[in-house]
Amino acid sequence: MDASSNTVQGKPEGPGDPVSSGQAASDLSQSVGSSRDGQPQRTPSLSNMNKSSHRQSFADNLRNAPSSPRHRHPSFTQAAVQELLNHPPSGQRHANHMFAGREWGEITVGELVSSDDVKWVELDSSVEEATLTLLKSKTNVVLVRESSSASTALAVFDYSDLNAYLLVVVGLSKPEPHQIELYNDIMLNAREGKVISLRQIQPLCRQEPLVGVPSSDNLSQAIEILGSGIHRLLVTSPHGAVVGVMSQLRMVDFFWNEGVNFPEVDRLYPVMLRDLGVGAQQVISVNSDAPLSEALTLMNDEGLTSVAVVDNGQNVVGNISTKDIRHLTSASSAPLLDGSCMHFISVILNERGVEKGRDAFPVFFVNTYSTLAHTVAKLVATRSHRMWVVESASPSPSSPATPLLGPQVMAGTPQTLNTASTGPAPSSAVPASAMPGARLSGKLSGVISLTDVLNIFAKFTGLHPTDPGEQRARRRRSSSSSIRPSLDSARQSLDFRR
């Protein structure tokens, strides 16, 4: 889901990943709060685990139309949100005694990961089983192995792979001539309710490199790799078994909450993005009135984990990430793909409000005058892989850029499935101007990702990460490539740094 330049992880990674759900404004204020010295407050990181429930097959779900989003009144006025963003509440900075008095570069990777984060599925597991496991994963990735007795990962399954699969199921992907038979088989099997295995869809999945590091390696080695654009590392025991997953978000979260123990990193936080020379790349975006199918296809074709949603003036009004595809597996239908991106965002915000019992104001923006601390605080608070950079008139703008929304999508012209959709068409699109915080928006000018943040940390502490652009280009080539490398070659791609 690229998690970097419009790519993150970060998810999103994403890609996260993604990977990218927004938090309530009240929650965000706690993580973006400032101490007496003006820096945002650090709070202990909390891992988000998605709740899963019994789901019907994807083909069945695509026949069910989504309910129209009910109108919700924001819990905060626009002025209150603006005041909250401009003047966060004060608080004390967080420091963990476990890391006090230690050099961060000497802390081992194994100290930051847990075996509970490792989720496995077998190569012959069904896509639905893999998806249910993915929904429970704290790291937004599932490791794929040959059998239940194996401890070596042959591949991974994440939300970008799920996106690619669903695009084929609903007929949005345009196969190369040699892929037509494979695509037709997957579509036919999905329509007939047959089990489709991960082995069958391997040619659809992105060629994400599997990079492993021993748990005894220190953080300086890990951050150099992650700062080069690798979204995650497989952490291994002395015997080669995977015992944890180190994601970009987890690394950034660590340096945010524990950075007060490491002066060489902490001194970077007050610096503005403008002075760091980041966040000025060109960004791929999608118009708020464009169909959801266009955003989904765009992310798939370009190897991105999220895209910015903009209005006709290029003002950011939302965000769509690959992780939001989970809403299409249970509560959406084929007609939703024809609805606008803004409508999809409104559906997600409505569901989030019902689930949490309150309205949410996800904030996915910064400007060139934002400090690195402000940017990282938002990344950590929203569990996002990137922040969209918007134009700002002055270092102290009277109104901040828009609170962005947190879904994701891919692009393409939808083709009608032979299976008839029995649900009603989605309701009319919600105009961008009607969304919460719409008038707080700014014009899209760039993006800063988790990769960029870690690259900064690595360079300013004397390390030598490679150019993240190389990994971004590789992901784009991978997305346009039709055949994934053999599993034997994937196994060899595990690079155990010793």
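Basis. I worked from a predicted model, in which local features need pLDDT of at least 70, side-chain atom pairs count only at pLDDT 80 or more, and totals for chains, interfaces and linings use all residues. Residues are numbered from 1 along each chain as its sequence is written, and side-chain values use heavy atoms, with hydrogens and water left out.

Chain. I noted 18 helices and 12 strands; these are DSSP runs numbered from the N terminus, helices being H or I of at least four residues and strands E of at least two. Of the 498 residues, 60% are buried (under 20% relative accessible area, 1.4 Å probe, protein chains only).

Cores. I looked up the nonpolar cores, sets of buried Ala, Val, Leu, Ile, Met, Phe, Trp, Tyr and Cys residues joined through side-chain atoms within 4.5 Å. The largest has 57 residues, and L233, M246 and F457 are among those with the most contacts inside it. Leaving out residues up to four places away in sequence, F457 touches I223, F255, V265, L268, Y269 and L372 (contact: heavy atoms within 4.5 Å). A second, separate core has 51 residues, including A190 and M299.

Sheet. I traced an open, mixed sheet of three strands in the order β4-β5-β6; strands pair if DSSP finds at least two bridges between them. Its edge strands are β4 (212-214) and β6 (242-247). β4 pairs with β5 (residues 232-236) in the parallel sense over three bridges, and V213 stands opposite V235.

Note on methods:
Buried means under 20% relative accessible area, exposed over 50%, partly exposed in between (1.4 Å probe, protein chains only).
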